[in-house]
Every structure is written in C-alpha cells, then in structure tokens.
Amino acid sequence: MNITVTLTSDFVCPWCFIGERRLQQAIRNLAQDIQVTLVWQPYELNSTMPVEGVDRTSYRIKKFGSLEYSQMLDQRIVAASANDDIHFNHAAILKTPNTFKAHRLMGWARQFAKTDDLANALFSGYFEHGRDIGDSNVLAEIAAEIGLDSAQALAFLNSDADVLQTRQAIAQVVDIQGVPNFDIDGEIISGAHPVSIIQNALQDAAARKRGQQD
C-alpha cells in the first residue's frame, strides 16, 4: 500500500523542520505494508529576500520589534521540539538566507531519489549548524554530504537551469493556511502537529485506499 504526502515547506521555517521530523517519525511507526512517498513542494516565506540574504539579528528585530522578543520566540521553538531529536542552535545562525537556490537544488536532487535526504540536510544545516543555505558553495557541500556530486550540484546552481520551473512551482501554492502543509492523499493537515495526529492521518489514507481496492 503506497500513499503520497505532498509537503509544502521552506527551509528557514522552524516549524517546517519540526513537522518534517514528526512526519518521518509517524512514517516509521506505520505498519510495514504501508509505504509513503514524499513530494516536496517549494514555498518561500521571504519571497523578497535579497539573493545574498540579510543579517539575521537585524532582520528579526525589524520583523518582531525587538531582539528580546525574537529570542523568546526562539526559546519557544526549542521547548516545542524537545522530543523531536532537533538541536536548534539559533546563536550559530548569522544570516537569514534566500532559499530559492535550495529549492532549485531539491528539484535537481529528485532525479537521484535524494530529496528526502537533502531536505533533512538543509534543515539541519541551517537550524542546527548555522550554515548559509542561500550560498551555492555551501549547498554543493551539503549535496556532497548526502552522496551527490558537488561539482555537478555547483554547476547546476550557477546556471539558469530550472529557474523558471521552480518559480512556477512556487507560484502554484495557493489556498494554504500556513507551512508546513501536508496533503496526505487529499487530506490536508496544516502545521507541525503531534506525531500521533500525523500518523492517524497516514493510517486513514491507507484505509481509504484499501477500501477503494476492495
């Protein structure tokens, strides 16, 4: 039994990282006869972000009004993810990047069946290690770390390949309440819900498919 989950997210969204980890845990909890295929739908939280990114502290002060409030929000994220095997390291993040190249790289990695690995590496690289995932060289290094060819990845990123296709894919995202957004074979879950809720939705999708086949 195979079900498809379309996951709409951005790599600078902490709740998307939490949601991805909880989704993976829910998948591991499923019966062995249920297989899940993830389809990664690109989304830009900061569509007007400069290509080179911006200083994170300045950006968040402007966005949230003060450094203290920004740090309080970071602490809430850390507390919320206490059971998700994530080690947020906000102090290491010096820059809020433009994520368009990261989404392009995801499209490139699809041909190698490496999108799940790359997504996790991008989330971890940014939130746990403070890496600039808007930088082509950093992205090529991350690609190499999951077994892809760094030179090919860098050549792809430095070209215009798939720029239009990625823009079109991002533009297709409409009528969602927020990210992460999970489309589980037609059932929509928005937000980083507990593992149990995601798991129940996956099991319900599998039950629906079984009913259609009977």
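Is Thr-8 buried or exposed? In this predicted model, Thr-8 is buried, because its relative accessible area is 5%, which lies below the 20% under which a residue counts as buried. Thr-8 belongs to strand β1, which covers residues 2–9.

Leaving aside residues up to four places away in sequence, Thr-8 touches Gln-41 and Tyr-43, and also Val-173, Ile-176, Val-179, Pro-180 and Asn-181. Arg-22 lies 14 residues from Thr-8 in sequence, and the C-alpha atoms of the two are 14 Å apart in space.

**The open sheet**

Strand β1 is part of an open sheet of four strands, arranged in the order β2-β1-β5-β6, in which the pairing is mixed. Strands β2 and β6 stand at the edges and have a single partner strand each, so one side of each is left without a neighbour in the sheet. From one strand to the next, the twist averages 20°.

In general, the strands of a sheet pair through backbone hydrogen bonds, and they do so in either a parallel or an antiparallel sense. Here β1 and β2 pair in the parallel sense, over eight bridges, and Val-5 stands opposite Leu-38 in β2.

**Helix α9 and its buried face**

Helix α9 runs through residues 195–213, and at 1.5 Å a residue its 19 residues should span 27 Å, which agrees with the 27 Å between its end C-alpha atoms. The buried residues of α9 are Ile-198, Gln-199, Ala-201, Leu-202, Ala-205 and Ala-206. When α9 is seen down its axis, these buried residues fall within an arc of 160°, and they therefore line one face of the helix.

What do the buried residues of α9 pack against? Their partners are strand β1, helix α1 (14–28), and the strands β2 (35–42), β5 (181–184) and β6 (187–190). Strands β2, β1, β5 and β6 are also the four that form the open sheet, so the face of α9 lined by its buried residues belongs to a helix whose buried residues pack against each of these strands as well as against α1.

**The crossing of α2 and α3**

Helix α2 (residues 56–64) and helix α3 (residues 67–80) have axes that come within 8 Å and cross at roughly 100°. That angle makes α2 roughly perpendicular to α3, because angles of 65 to 115 degrees are counted in that class.

On the α2 side, the residues that meet α3 are Arg-56, Thr-57, Arg-60, Ile-61 and Phe-64, while on the α3 side the residues in contact are Leu-67, Tyr-69, Ser-70, Leu-73 and Asp-74.

Definitions and conventions. Residues are numbered from 1 along each chain as its sequence is written. This is a predicted model: local features need pLDDT of at least 70, side-chain atom pairs count only at pLDDT 80 or more; totals for chains, interfaces and linings use all residues. Side-chain values use heavy atoms; hydrogens and water are left out. Helices (H or I, at least four residues) and strands (E, at least two) are DSSP runs, numbered from the N terminus. Buried means under 20% relative accessible area, exposed over 50%, partly exposed in between (1.4 Å probe, protein chains only). Contact means heavy atoms within 4.5 Å. The expected span of a helix is 1.5 Å times one less than its number of residues. The arc is that of the directions from the helix axis to the C-beta atoms. Two strands pair if DSSP finds at least two bridges between them. Axes are lines fitted to C-alpha atoms, for helices over the stretch in contact, and angles run from 0 to 180 degrees between N-to-C directions. Angles under 35 degrees count as roughly parallel, over 145 as roughly antiparallel, 65 to 115 as roughly perpendicular and the rest as oblique.
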